[in-house]
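Open the model in your viewer and follow the stops below in order. Each stop says what to select and what is there.

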Amino acid sequence: MTIIATVGAYAGLALLGLMAATPLLVELDQRFPVTRQAKAAERERRLPTRLASA
């Protein structure tokens, strides 16, 4: 097997693994959406302090 074929085979397996994990990731995202909102709120709170110190 050449290097290109080996890299292609690993990339294909990684893609298949990601496709298999997608429903789980979507379910987790729908079940726990609060963390994304909390992170965005935390970023908004930190932004003025960075601007004031700069």
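Start with helix α1, residues 3-31: at 1.5 Å a residue its 29 residues should span 42 Å, and the end C-alpha atoms are 41 Å apart, which agrees. The expected span is 1.5 Å times one less than the number of residues. Helices (H or I, at least four residues) and strands (E, at least two) are DSSP runs, numbered from the N terminus.

This is a predicted model, where local features need pLDDT of at least 70, side-chain atom pairs count only at pLDDT 80 or more, and totals for chains, interfaces and linings use all residues. Residues are numbered from 1 along each chain as its sequence is written, and side-chain values use heavy atoms, with hydrogens and water left out.

Next, select A21, where α1 bends by about 40 degrees; a proline, P23, follows within four residues. The bend is the angle between axes fitted to the seven residues ending at a residue and the seven starting there.

Now select L16, which is in helix α1. L16 is exposed, with a relative accessible area of 53% (buried means under 20%, exposed over 50%, partly exposed in between, with a 1.4 Å probe and protein chains only).

Then select R31 and E27, whose side chains meet in a salt bridge at 2.7 Å, N to O (a side-chain nitrogen of Lys or Arg within 4 Å of a carboxyl oxygen of Asp or Glu). Both residues lie in α1, four residues apart, about one turn of the helix. R31 counts as exposed at 52%, while E27 is partly exposed at 39%.

Finally, show the whole protein chain: two helices and zero strands.
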